[in-house]
Each structure stands twice: as C-alpha cells, then as structure tokens.
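Have a look at the model first, and then read on.

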Amino acid sequence: IVVITAYRVCQSSNAGPNTAYTHQQSAMMKDGVVNPRPRKQILNDLTKLIEEKRSKGYRPIVMMDANGSTFSDKEFREFQQNAVLEDPFYRKFEEMPRTYNRGTKRLDYILMDAGLQHAIRHIGYLGSHEAVHSDHSMAWVDFDEKLLFRGLINRPPNAINRQFTLHQEDKVEKFMDELRKGTAYRSLRELGLIAFTQIDIL
C-alpha cells in the first residue's frame with residue numbers, strides 16, 4: 001500500500017505573485033515547460049506515480065485537496081478514470097457534501113485502488129474546524145487492518161522489550177556487528193570524524 005497526499009492549486013491563470021499557482025508555474029518554466037498548467041500537471045504526475053507504484057505491486061490511496069469536483073471538473077474526472085481509482089465515500093453514500101467553508105462543492109477526496117475497498121470500516125468527513133483549523137473539512141477513513149494487510153501485520157516489539165544491557169554480551173556483540181556493517185568506517189575515519197582513544201582504567 002502507498003498513501004499519496006496531494007494539493008492541486010485552485011487557479012488556472014491570473015494568480016497573484018505569492019500564490020502556490022505562481023510558484024509552481026515559475027518552477028515549471030525553469031524546467032523548460034512551455035505554457036505550464038499546474039492544475040493539469042499535477043494530475044499527469046500523479047497518474048505516472050500511481051502507474052509506477054502499481055508496477056511494483058503497491059495499491060494506491062490518494063488523499064487530495066483537488067480544488068475541483070468529479071461532477072464538474074472534466075480533467076479531475078478523467079484523472080480518476082485513467083488512474084483507475086475508486087471513490088469509496090460516494091460509492092457508499094452517493095452524496096457530494098461541500099468540503100470548503102466558502103464554497104458549495106466537494107473538493108477533498110480519498111480515492112483508492114478497488115482492491116482496498118473491502119477493508120473499509122468507516123469513511124467520512126469531520127465538521128468545520130474539527131481536528132484541524134482549516135477552511136476545508138477533514139476527510140478520514142478507518143480500515144480493518146487484518147483485511148487490509150491480509151492478516152500479515154508487522155508489529156515491532158515495544159521499546160522496553162528491545163532494550164539490552166552491557167551485561168548481555170551476546171546482544172551487545174550482535175549489535176556491534178550490525179553497527180560495523182552499517183557504518184562507513186573507513187570514510188568516517190579518513191575524514192577525521194571518528195577518533196579512537198584507549199582509556200586505561202587504574
């Protein structure tokens with residue numbers, strides 16, 4: 001599973017100098033993009049990222065302030081279709097509540113691979129200013145982790161059980177072996193970043 005969070009600028013043109021749109025447009029122009037369109041570009045980039053992750057076996061979850069509605073925004077609707085992402089909230093409730101305090105449309109989405117929908121326990125939106133102080137409503141989803149991960153859950157031991165003392169020689173030696181393997185010993189020594197000092201205890 002890969003979780004992707006994304007923000008899509010709200011302007012299409014004529015934005016102010018300090019807006020995210022202008023910053024993204026300027027960055028794209030520096031990279032040689034002719035006639036940059038940040039709202040469209042992020043959808044293209046997300047589609048490529050999702051394809052790349054799927055090719056490696058990941059199932060995507062996209063949590064996004066899309067600044068657009070799948071009903072009225074053709075580019076966003078086509079992105080959802082091309083990326084083969086489901087909208088589990090709409091699938092369950094067939095509603096499009098407003099998620100922006102000063103608007104009337106649903107702009108915030110949790111979209112996901114169809115293979116993950118069976119693991120959803122609950123999904124929804126919080127009210128205005130609940131959990132976060134924002135002019136957008138917070139979207140959330142609760143999964144059944146056993147279904148989501150097919151019963152394979154890696155729960156690392158807690159910190160107390162991971163501790164060892166200097167009296168546990170076998171653990172100390174194993175730790176030091178792993179430390180030596182993971183440290184660029186020669187590079188650090190050559191740079192003078194590690195000093196070796198022998199201390200004689202009288």
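How do the residues of the lining of the largest pocket divide into nonpolar, polar and charged? They divide into five nonpolar, three polar and two charged, where Ala, Val, Leu, Ile, Met, Phe, Trp, Tyr, Cys and Pro count as nonpolar, Asp, Glu, Lys and Arg as charged, and the others, Gly among them, as polar.

Before going further, note that this is a predicted model, in which local features need pLDDT of at least 70 and side-chain atom pairs count only at pLDDT 80 or more, while totals for chains, interfaces and linings use all residues. Residues are numbered from 1 along each chain as its sequence is written, and side-chain values use heavy atoms, with hydrogens and water left out.

**Pocket and cavity**

The lining of the largest pocket includes Ile1, Gly57, Arg59 and Phe149, and the space in this pocket is about 170 Å³. There is also one cavity of 30 Å³ or more. On a 1 Å grid over the protein atoms alone, a cavity is a set of points where a 1.4 Å probe fits but cannot get out, and a pocket is an open set with protein on both sides within 12 Å along at least five of seven lines; lining residues have an atom within 4 Å of a point. Grid points are joined across faces, edges and corners, and a volume is the space filled by probe spheres set on the points.

The largest cavity has a volume of about 30 Å³. Among the residues that line it are Phe89, Arg106, Ile123, Tyr125 and Trp140. β4 (120–125) gives the most to this lining, three residues, and β5 (139–143) supplies at least two. Helices (H or I, at least four residues) and strands (E, at least two) are DSSP runs, numbered from the N terminus.

Nonpolar side chains in soluble globular proteins tend to be buried together. Buried means under 20% relative accessible area, exposed over 50%, and partly exposed in between (1.4 Å probe, protein chains only).

In α2, the buried residues include Pro38, Ile42, Leu46 and Ile50. The buried residues of this helix pack against β1, α1 (20–30), β2 and α3, with contact meaning heavy atoms within 4.5 Å. The end C-alpha atoms of α2 are 26 Å apart, which agrees with the 26 Å that its 18 residues should span at 1.5 Å a residue; the expected span is 1.5 Å times one less than the number of residues. Just after α2, glycine 57 takes a positive phi of about 95°.

**Two backbone exceptions**

Most residues other than glycine have a negative phi. Two that depart from this are set out below.

| Residue | Phi | Relative accessibility |
|---|---|---|
| Glutamate 94 | about 50° | 61%, exposed |
| Histidine 129 | about 65° | 44%, partly exposed |

Glutamate 94 is found in the loop between α4 (88–93) and β3, whereas histidine 129 lies in the loop between β4 and β5.
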